[in-house]
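Please read them beside the model.

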Amino acid sequence: MDQSLPTALLDDLCNLVGKPLPERAEIRVWGMSGVERVAFPDGTTAVFKYAKEPFDREAQALRAAYQRGLPVPALHATATQDKWLGLLMDDLGTPVRNADDLDGVAAAVMLHAARPADGLPILDGAGLAALPDRALDHLQRLRKADRWTDCDDIEAALGKISAAAEARAQGATLDPFGWVHSEFHPTSVHIGEHGWHLLDFARAFTGPGLIDLASYHGTIDVPSPFRMRVFLEQYVTAGGHEDALAARGGLTAEAWSLGWHRMWAVEWFMEQAIRWINDPAKDPAYIPVVRRHLGDVVQLLEV
């Protein structure tokens with residue numbers, strides 16, 4: 001990544017807070033965003049985060065979350081340049097331990113109970129039902145670029161899901177419906193010396209809270225409806241809405257949430273492939289992941 005733009009963003013942020021340029025140490029950096037710990041000459045530290053479109057809405061989500069009393073890092077300053085966003089925020093330090101399932105449940109209950117934020121994208125039943133067709137559109141664009149040409153199986157799976165999508169998306173607005181973190185993983189729940197905080201709101205939206213709960217255990221392992229059911233029951237026991245356990249779209253809550261989360265992930269991977277990253281060299285990594293997730297969707301949504 002060309003560091004000239006992050007450096008310019010950091011310069012703007014330092015001018016806004018009235019501090020000289022700090023020492024920088026990478027925490028995590030990839031092609032579309034980066035996180036650094038910065039240390040100023042006066043001994044104070046902060047976290048500098050920068051991201052390009054479509055991860056450039058995080059400041060809006062963080063401010064809304066902070067105003068609603070959610071435990072998120074406080075923003076010190078924000079700056080934008082050429083569709084890149086720079087954030088300077090509290091340094092929460094190194095986590096004292098990793099978040100476990102009960103930490104995730106507690107964080108989800110608090111997040112989903114907060115008043116939804118204005119201005120965030122909305123994913124309701126119609127939005128869910130549109131995901132397979134959106135993925136098919138991405139596939140057509142990839143093929144026009146002479147990519148993903150040997151993916152008839154992906155097209156067939158998306159067609160099956162699309163045919164059943166409207167029926168299977170029923171119940172999307174049952175509670176919990178509101179805040180969706182969308183990158184809700186144990187690494188997004190920071191357990192520090194002074195309590196816990198939620199991180200990484202770059203892709204937050206308004207939609208079914210079950211999408212968050214389905215994402216917590218990641219997508220590397222084969223999805224486990226049994227484990228998901230236990231997690232949902234823990235969520236309700238901890239104060240989450242009882243409708244989290246309700247059947248929807250003709251499916252159990254656990255199958256519905258896991259299936260739609262995987263479909264949401266598939267559409268996002270395919271959009272990255274053609275729009276946000278658009279690098280044919282990454283296709284051999286993306287295609288098997290999309291195939292695997294689509295197999296899970298077909299099974300979980302029973303299409």
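1. Terms first. Axes are lines fitted to C-alpha atoms, for helices over the stretch in contact, and angles run from 0 to 180 degrees between N-to-C directions. Helices are DSSP runs (H or I, at least four residues), numbered from the N terminus.

2. Basis. This is a predicted model, where local features need pLDDT of at least 70, side-chain atom pairs count only at pLDDT 80 or more, and totals for chains, interfaces and linings use all residues. Residues are numbered from 1 along each chain as its sequence is written, and side-chain values use heavy atoms, without hydrogens and water.

3. Helix pair. Helix 4 and helix 8 pack with axes 9 Å apart, at an angle of about 30°. Helix 4 is therefore roughly parallel to helix 8 (angles under 35 degrees count as such).

4. Pocket. A pocket is an open set of points on a 1 Å grid over the protein atoms alone, where a 1.4 Å probe fits, with protein on both sides within 12 Å along at least five of seven lines; lining residues have an atom within 4 Å of a point. The second largest pocket has 16 lining residues, and Arg57, Pro121, Arg134, Arg203 and Trp264 lie nearest its centre. Helix 4 (125-144) and helix 8 (253-276) each give two or more residues to this lining. Helix 8 supplies the largest share, 6 residues.

5. Lining make-up. The second largest pocket is lined by 9 nonpolar, 1 polar and 6 charged residues.

How values were computed
Ala, Val, Leu, Ile, Met, Phe, Trp, Tyr, Cys and Pro count as nonpolar, Asp, Glu, Lys and Arg as charged, and the others, Gly among them, as polar. Angles under 35 degrees count as roughly parallel, over 145 as roughly antiparallel, 65 to 115 as roughly perpendicular and the rest as oblique.
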